[in-house]
Amino acid sequence: MKRFGKVLGLAVLTAAAAVFMGCPTPGDDTGGGLWDTKGIELIESLAGKSVSWEDGGAIKVPSSYAKRLQVGSKVIFELATFDNGSAGPYIELHVEDGSWNTLDPASDFIKYYDAKGSRVSVTQEMDDSVATGRWKINVDAGTYYFEVTETNLSKLKGGFAFQGNFKLVKVGLTNLAEAEQSEAAVYSGDEITLKLESGSAENGGVPVLRMAYYRSDATDLKLTLSNVNLIVKKGDATVTTNEEYEFNLNIYDGQTPNKEYNTDIPLGNTVLKSGDTFTIKLESATVDGTDDVTDSVISSIEIFAFDNSAAGNYKILSGENKPKLITKKNGAPISPAPAE
């Protein structure tokens with residue numbers, strides 16, 4: 001299971017020798033000079049999103065942007081304080097691969113700058129919940145950036161995410177390669193009603209909507225939903241969804257022969273109750289990955305409510321109600337996956 005713990009700081013993605021390419025471009029106090037960079041592309045789907053350590057759910061940069069990074073690109077982001085209702089408003093941030101994975105870091109792997117072009121100092125933190133330590137930074141609300149170098153390019157192109165406790169006001173990328181024209185099939189689904197049979201833990205629960213499919217082998221393959229337009233409502237309230245979801249192998253103790261590949265839609269710091277109802281509809285998405293991405297696999301993806309915490313005993317809250325997320329390809333019905 002994923003590990004959710006409060007971790008201070010700004011973590012880099014991996015250990016590597018420091019090679020810094022190019023010079024920082026100063027901006028003004030508000031970052032105006034940076035935001036006016038010629039050719040900057042704002043990621044509209046990430047604007048205004050908030051995240052906290054307790055709620056989990058990193059803010060992931062869609063691969064459609066990350067894979068276009070080049071040496072000399074800048075990742076520019078504006079942060080605001082976020083009050084999650086427990087610890088008060090503050091900003092703590094780290095950059096990761098989107099799965100809470102922290103590799104042995106090196107402070108020069110990514111160099112962070114404020115809007116004036118002054119380098120932001122980072123110090124390493126160690127605690128019981130972070131086996132290898134993270135590089136941390138304490139910042140005020142404002143605009144910051146880092147540059148893509150020959151050293152960090154491959155890791156960043158592979159995907160990265162913002163995690164911590166803050167509001168991501170906006171994020172922009174500069175000097176991107178041209179976007180590839182894609183003729184990928186567009187998948188969609190019918191409207192789903194998901195009624196909960198049980199509630200999440202009152203204290204320490206981490207409720208999510210989990211999307212999952214199953215295979216008899218345990219190879220660490222990956223399947224990604226991209227360009228996602230997913231409409232989710234809890235009652236009348238809209239749930240924030242992402243533009244991209246990556247499925248990863250999750251092996252539970254004693255789970256044989258089927259192995260679960262899953263990804264989660266975080267529901268924030270909330271308690272779900274028996275009888276709560278979600279309506280869900282996938283309007284559109286494209287699919288790719290290193291898994292055997294057949295219509296059989298794609299149409300087998302289920303969605304269900306799940307308490308993703310030890311406090312909730314990792315309980316499926318919607319019982320046996322695990323409807324299929326995807327039922328159409330280019331607007332036409334696709335056959336359900338055969339039972340394994």
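Predicted model: local features only at pLDDT ≥ 70, side-chain atom pairs only at ≥ 80, totals over all residues.
Me: How many aromatic pairs does the structure hold?
Reply: The structure holds 10 aromatic pairs. One of them is Phe77 with Phe162, a tilted pair at 5.2 Å centre to centre, with 55 degrees between the planes.

Me: Where do Phe77 and Phe162 lie?
Reply: Phe77 is in strand β4 (residues 74–80) and Phe162 is in strand β10 (residues 161–173), so the pair ties together parts that are 85 residues apart in sequence.

Me: Is Phe77 buried or exposed? And Phe162, buried or exposed?
Reply: Phe77 is buried, because its relative accessibility is 2%. Phe162 is buried as well, at 0% relative accessibility.

Me: What about Phe160 and Phe162, what sort of pair do they form?
Reply: Phe160 and Phe162 make an edge-to-face pair, 6.1 Å centre to centre and 75 degrees between the planes. Both Phe160 and Phe162 are buried.

Me: Which residues form the aromatic cluster with Phe77?
Reply: Tyr112, Tyr144, Phe146, Phe160 and Phe162 form one aromatic cluster with Phe77.

Me: Switching to lysines. Which ring does Lys170 lie over?
Reply: Lys170 lies over the face of Trp35, at 4.4 Å from the ring centre. Lys322 lies over the face of Phe304, at 5.3 Å from the ring centre.

Me: New topic: the largest nonpolar core. How many residues, and which have the most contacts inside it?
Reply: That core has 34 residues. Those with the most contacts inside it are Leu209, Leu230, Ile265, Phe278, Ile280, Leu325 and Ile326.

Me: Which elements each supply at least two residues of this core?
Reply: Among them are the strands β12 (192–195), β13 (207–215), β14 (223–234) and β18 (277–289). Helix α4 (295–298) is also one of the elements that each supply at least two residues.

Me: And the second core, how many residues?
Reply: The second core is separate and has 33 residues, including Tyr65, Ala66, Ile91 and Leu173.

Me: Back to Leu325. Where is it found?
Reply: Leu325 is in the loop between β19 (302–307) and β20 (328–329). Leu325 is buried, with a relative accessible area of 1%.

Me: What does Leu325 touch, leaving out residues up to four places away in sequence?
Reply: Its contacts include Ser188, Gly189, Met211, Leu230, Ile280 and Ile303. Leu325 and Ile280 are 45 residues apart in sequence and 8.4 Å apart in space, C-alpha to C-alpha.

Me: With the same exclusion, what does Leu230 touch?
Reply: Leu230 touches Thr241, Tyr245, Ile265, Ile280, Lys281, Leu282 and Leu325.

Technical notes. Residues numbered from 1 in each chain as written. Heavy atoms only, no water. Phe/Tyr/Trp six-rings, centres within 6.5 Å; stacked < 30°, edge-to-face > 60°. Helix = DSSP H or I, 4+ residues; strand = E, 2+ residues; numbered from the N terminus. Buried < 20%, exposed > 50% of the residue type's maximum accessible area, 1.4 Å probe, protein only. Lys NZ or Arg CZ within 6 Å of the ring centre and 35° of its normal. Contact = heavy atoms within 4.5 Å. Core = buried A, V, L, I, M, F, W, Y, C linked by side-chain atoms within 4.5 Å.
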